[in-house]
Amino acid sequence: MAEKIGRNDPCWCGSGRKYKACHQSFDEKIERFKDQGCIVPPRNIIKTPEDIAGIKESAKINVAVLDYVGENIRPGMSTEEIDRMVYEKTTEMGGIPAPLNYQGFPKSVCTSINDEVCHGIPAADIILQEGDIVNVDVSTILNGYFSDSSRMYMIGTVSEEKRRLVEVTKECVQKGLEAVKPWGFLGDMGQAVHDHAFANGYTIVREIGGHGIGKEFHEEPWVGYNSVAGTEMLLVPGMVFTIEPMVNMGKPEIYIDDVNDWTVYTQDGLPSAQWEIQVLVTEDGAEVISW
Ligand code: MF3
Ligand code: CO
């Protein structure tokens, strides 16, 4: 853990209360898990009430942007038009699209269609076709706080097998969410996601996962889904992370576009779906702050 704080010093969470009356017993509880050999969260990923308020303000924009996309997306539209909607709605609400210039990413949003797993780059010549399934992954910065969530949109009439993939992937996220509780483990969530995908004959991409999020886009922990319940990082109130499994209709293997170096595809060319929510671990469960 971080440096020792005196019992009568102000608590690290910014409450203004003495440490002994605030987070001391919380920190000691985490220490006991650590002594038993558990992976425990470092203090710098445990959000203060001020951080949580900031993340929630950012998340309001993220949710509004995805709602706006949902109201306007249609066959014949280019993914460049989705990018423009995301940029305009985000900035109009005072936010900054987090993907723009992130590690060289050229656009404000990721749009990933059919066999594209994630990190698709919007372009004027990529036109949404009847029957496509598309993931729109929106991330926002407001006052230094990040939010991140993504949804699937079905374009016009979609085949029964693609529709089922999209629906089961959403169910996977819901099952994962139900497994998030304080003093449980990240692997509880991962296994719940995994089991539901596999029970439906699908696979989950292994190399790319979710992440802690707050003042940084991507923080600890890394959030995978090929997990075993009771393993991985201890979950404690104040942690914020994403659940964002990429579920493949076929095999889990992927490759990255060797021209743009971003877009990830399924190796077998079969469709992939993803939903992403941003979750806060609370005293008695979990709260979805962006979806
Ligand atoms: N939004 C993605 C995530 O869920 C990250 C995209 S990074 C970008 O973590 F540069 F491609 F936008
Ligand atoms: Co994410």
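The views below come from a predicted model.

**View 1. The site of the cobalt ion (ligand 2) is irregular.** Angles among its six donor atoms run from 50 to 162°. Asp148 (OD), His211 (NE2), Glu244 (OE) and Glu276 (OE) coordinate the cobalt ion (ligand 2) at 2.1 to 2.2 Å.

**View 2. Donor residues of the cobalt ion (ligand 2) follow the spacing D-x62-H-x32-E-x31-E.** Distant parts of the chain are linked by the pair His211 and Glu244, 33 residues apart. His211 lies in strand E7 (residues 210-212). Glu244 sits in the loop between strand E9 (240-243) and strand E10 (246-248).

**View 3. Helix H2 (residues 49-72) packs against helix H3 (residues 79-92).** The angle is about 140°, and the axes are 10 Å apart. The two helices, H2 and H3, are therefore oblique to each other. Their crossing is right-handed. H2 contributes Ile61, Ala64, Val65, Tyr68, Val69 and Asn72 to the contact; H3 contributes Ile82, Met85, Val86, Lys89 and Thr90. By class, eight residues of the contact of H2 with H3 are nonpolar, two polar and one charged.

**View 4. Helix H4 (residues 160-178) packs against helix H5 (residues 186-199).** Here the angle is about 155°, with the axes 8 Å apart. H4 is therefore roughly antiparallel to H5. H4 and H5 cross in a right-handed sense. Val168, Glu171, Cys172, Lys175 and Gly176 of H4 meet Met189, Ala192, Val193, His196 and Ala197 of H5. Six residues of this H4-H5 contact are nonpolar, two polar and two charged.

How values were computed. Residues numbered from 1 in each chain as written. Chains lettered and ligands numbered in written order. Predicted model: local features only at pLDDT ≥ 70, side-chain atom pairs only at ≥ 80, totals over all residues. Heavy atoms only, no water. Axes fitted to C-alpha atoms, helices over the stretch in contact; angles between N-to-C directions. Helix = DSSP H or I, 4+ residues; strand = E, 2+ residues; numbered from the N terminus. Parallel < 35°, antiparallel > 145°, perpendicular 65-115°, else oblique. Left-handed = near helix turned anticlockwise from the far one by under 90°. Contact = heavy atoms within 4.5 Å. Nonpolar A, V, L, I, M, F, W, Y, C, P; charged D, E, K, R; others polar. Donors = N, O, S within 2.8 Å, 3.2 Å for Na, K, Ca; no water. Tetrahedral: all angles 85-135°; square planar, octahedral: opposite > 155°, others 65-115°.
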